[in-house]
Amino acid sequence: MSLATGVFPSKWKLSAVVPIFKKGNRSEVKNYRPISILNCFSKVFELIIHEHLSFYFKSKLNAAQHGFVKSKSVVTNLVTYLNFIYPVVTTQRQCDSVYFDLSNAFDLVSHKLLLFKLHSYGLSSHIIKWFESYLSDRISRVKLSSYLSVPFTVSSGVPQGSTLGPLLFIIFINDICNKISNRFLLFADDLKLYSRIVSIDDCKRLQADIDSVRVWCLDNGMQLNIKKTSLITFSRKTTNIIFPYHLDNNTIVRSHCVRDLGVHLDSKLYFHHQVDHVFSECIKLLGLIKAITQSFGNMDCLIVLFKSLVRSKLEYASVAWNSITSTDSFKLERIQRKFVALCYERFLAKKFDYNYGNLLDIVKCQSLHSRRRDLDALFLFNVLRSRYQCESLLEAVGVRVPTRNIRDFSLFSCPPSLRSSPAFRCVGSANSVASSFDPFGNNSLLSSKLISKCLN
């Protein structure tokens, strides 16, 4: 009835906005993210609409968008990015990358402009009428503890916490890069432009793209945060072309390390900052687990806490940053060694002599180095089976068909120019485990030994 009449029920548009703290000073309102608690009937109905709308826009969304898109993720975004940058850096060349920050992007979406864009993509006037009803006259109240604010009408933005909101936002932002000539990647509202720099002309073209993004933001009512917009030069050369990029007559701050979708990238792609950050976070978490589980009598409970809270952080997007030194790899392994030692002291000291390798089997864990290798291989297999979309990886990977009898039984190949890149590493990892699986067989990879090892 809602679709037939083009009316979204007004009672389904009532919501409570809960402020979620992000970071910084807790007394600053801007450091909180507003999440809408919506009617359950509304969310179920949105699921139905979302299924049809996402299918319709599947071929219309920019291929560089990795946020809120099926088969794409943080990992596919970073792998695509690093597959381009690594060959540039390792051959003593330079790549400049600009990271944009949009302030309150989800809350500033103009309803009128969004409806215009939906119409321009071919949606019928009847469906546009329904979306107009869905977006307009939304009544919200801010909820903090047991207190509720005075009701107010939301005049812009897509509902955060809804099912349709993220999809509507990426449709709205889809044309941000229509006039960009260099490479770019999106993850929802996170945009980065990057280009190989050989001469000043390359810098000027990148500056022109920065201006294009600024113009789009002005035309679409978005606000660029110059303080959080950053620039990094990826290079291992001693001297680089230093060009003063500008945004709104302000020079963009140049950094030696940036945080990209939760992963710290340094200018030489050594990932020391990433390892240090992960180690610092996880050693604190392990200490917390140790303190709150002193009365636990079951080792399995301790193992579940470690795997869900600590190991998940140790392996977050590891396919992107696993090109680390053996020293950094051992540093991360120390976290798991401390956990195994904790289990040994509390539950196993009277039964076995301490041996890290043997105790890993008892606590049902692998070494972190082996798990990262398996995750690399699993990512490649999932791309080959179209479970993930990562075109840059598919373009880099080849299947070896030897023309004569040789001793090299490697199944996959990768150009030497991509050495140290995620693509090259995934190929090496896949070759090391391919003898145990048939990547192109009919059997589901989900039932294979490899994915079982990665999930356990």
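**Helix α6 and its surroundings**

Guide: The axes of helix α5 (residues 125-135) and helix α6 (residues 164-172) come within 13 Å and cross at roughly 115 degrees. The model is predicted, so local features need pLDDT of at least 70 and side-chain atom pairs count only at pLDDT 80 or more, while totals for chains, interfaces and linings use all residues. Residues are numbered from 1 along each chain as its sequence is written, and side-chain values use heavy atoms, with hydrogens and water left out.

Helices (H or I, at least four residues) and strands (E, at least two) are DSSP runs numbered from the N terminus. Axes are lines fitted to C-alpha atoms, for helices over the stretch in contact, with angles from 0 to 180 degrees between N-to-C directions. The crossing of α5 with α6 is left-handed, meaning that the near helix is turned anticlockwise from the far one by less than a right angle.

Contact means heavy atoms within 4.5 Å. On the α5 side, Trp130, Phe131, Tyr134 and Leu135 meet Leu164, Gly165 and Leu168 of α6. The residues of this contact divide into 6 nonpolar, 1 polar and no charged. Here Ala, Val, Leu, Ile, Met, Phe, Trp, Tyr, Cys and Pro count as nonpolar, Asp, Glu, Lys and Arg as charged, and the others, Gly among them, as polar.

Because 9 of the 9 residues of α6 are buried, α6 is largely enclosed by the rest of the structure. Buried means under 20% relative accessible area, exposed over 50%, and partly exposed in between (1.4 Å probe, protein chains only). Among the buried residues are Pro166, Phe169 and Phe172. The buried residues of α6 pack against α2 (40-57), α4 (111-120), α5 and α7.

Two strands pair if DSSP finds at least two bridges between them. Strands β3 (residues 94-100) and β11 (residues 230-235) pair in the antiparallel sense over 6 bridges, and glutamine 94 has serine 235 as its bridge partner in β11.
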